[in-house]
Amino acid sequence: MIITSKSNPIIKDIIKLQSDKKFRIAEMSYIVEGIKPVKECIAAGGDIRKIICTEELIDTFNGAQIVSESVFKAISSEKTPQGVLAIVSLPVNGLQPPKNSCILLDRLQDPGNLGTIIRTANAAGYSEIYAINCTDAYSPKAVRASMSGIFFVKVYTGTCEEILSVLEGVPLICADMSGEDIFNFVPPEKFCLCIGNEGGGLSPVIKVKSQFKVKIPMQETCESLNAAVSAGIAMYQLKYKK
């Protein structure tokens with residue numbers, strides 16, 4: 001049966017999942033949209049509850065719920081919808097200490113930045129990310145910016161106190177303009193790279209707890225780098241420094 005009404009309960013729920021973080025948490029679900037992301041989510045073993053697609057894609061996604069073109073446009077968060085999305089179970093990641101070097105994100109508010117950092121972390125081999133009062137990693141914009149990286153990393157959320165507690169004993173490397181040139185810095189074997197808020201940087205408590213401070217050298221004509229760009233440079237330099 002093809003859903004043609006925007007008032008259908010399934011359609012109403014998808015619209016809320018796209019826009020409402022509280023609803024995503026209550027339903028323990030989030031949305032993955034686009035042909036490639038949905039296929040990659042399936043390949044990664046994501047717990048997919050339902051796939052929604054237009055009639056032209058039914059042969060690609062067997063068993064999916066079919067909706068009309070107009071209904072899909074109403075539920076899509078994309079400017080140019082590809083005609084398929086999946087409702088995926090939110091992973092349950094209870095706070096625990098990292099197994100390897102990890103990332104701490106402090107109060108990041110831009111979902112594009114967060115998603116890009118997740119994408120880069122996955123590429124660079126950081127599989128554990130600790131988020132303190134950040135924007136939702138499972139919002140449509142963050143998921144899209146992660147380019148499927150969200151399927152391969154664990155995102156832990158908690159208060160500053162909770163997260164610092166599970167990171168006890170792991171050297172914290174604080175990205176800060178008063179720090180040592182990152183290209184001269186020799187990191188410990190296992191560490192946690194700390195990235196702060198786009199405008200305000202890291203909170204004082206994290207700076208105090210950090211054993212190391214590093215900076216990315218810049219020309220005087222540049223005041224700062226985008227948080228995701230800074231994080232990407234730091235992730236690779238620290239992990240693969242010879």
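Leu104 stands opposite Tyr130 of strand E6, where strands are DSSP runs of E with at least two residues and helices are runs of H or I with at least four residues, numbered from the N terminus. The model is predicted: local features need pLDDT of at least 70 and side-chain atom pairs count only at pLDDT 80 or more, while totals for chains, interfaces and linings use all residues. Residues are numbered from 1 along each chain as its sequence is written, and side-chain values use heavy atoms, with hydrogens and water left out.

Strand E5 (residues 102-106) and strand E6 (residues 128-132) run parallel and are joined by four bridges; two strands pair if DSSP finds at least two bridges between them. Both belong to an open sheet of six strands, in the order E7-E6-E5-E9-E8-E10, with parallel pairing. Its edge strands are E7 (154-158) and E10 (212-215), each of which pairs on one side only. From one strand to the next, the twist averages 35 degrees. Angles run from 0 to 180 degrees between N-to-C directions, with axes fitted as lines to C-alpha atoms, for helices over the stretch in contact. Helix H9 (residues 227-240) lies across E5, E8 (172-181) and E9 (192-195), and runs at about 165 degrees to E9; contact here means heavy atoms within 4.5 Å.

A second sheet is also open, with four strands in the order E1-E4-E2-E3 and mixed pairing. Strand E1 (29-33) and strand E3 (65-67) are at the edges with a single partner strand each, so one side of each is left without a neighbour in the sheet. The twist in this sheet averages 25 degrees from one strand to the next. Inside it, strand E2 (residues 48-54) and strand E4 (residues 84-89) run antiparallel, joined by five bridges. Cys53 has Val84 in E4 as its bridge partner. Helix H1 (residues 9-19) lies across E1, E2, E3 and E4, at about 90 degrees to E1.

Next come the pockets. A pocket is an open set of points on a 1 Å grid over the protein atoms alone, where a 1.4 Å probe fits, with protein on both sides within 12 Å along at least five of seven lines; lining residues have an atom within 4 Å of a point. The largest pocket holds about 540 Å³ of space, a volume being the space filled by probe spheres set on the points. Of its 25 lining residues, Ala175, Met177, Ser224, Leu225 and Ser230 are the closest to its centre. E8, E10 and H9 each supply at least two residues of this lining. By class, the lining has 11 nonpolar, nine polar and five charged residues; Ala, Val, Leu, Ile, Met, Phe, Trp, Tyr, Cys and Pro count as nonpolar, Asp, Glu, Lys and Arg as charged, and the others, Gly among them, as polar.

The second largest pocket holds about 420 Å³. It is lined by 20 residues, with Lys21, Ile25, Asp136, Tyr138 and Thr157 nearest its centre. Helix H2 (21-27), E6 and E7 each give two or more residues to this lining, and E7 gives the most, with four. The lining divides into 12 nonpolar, five polar and three charged residues.

The structure also holds six aromatic pairs. One of them joins Tyr126 and Phe191 edge-to-face, 6.3 Å centre to centre with 65 degrees between the planes; rings of Phe, Tyr and Trp (its six-membered ring) pair if their centres lie within 6.5 Å, and planes under 30 degrees apart count as stacked, over 60 as edge-to-face and the rest as tilted.
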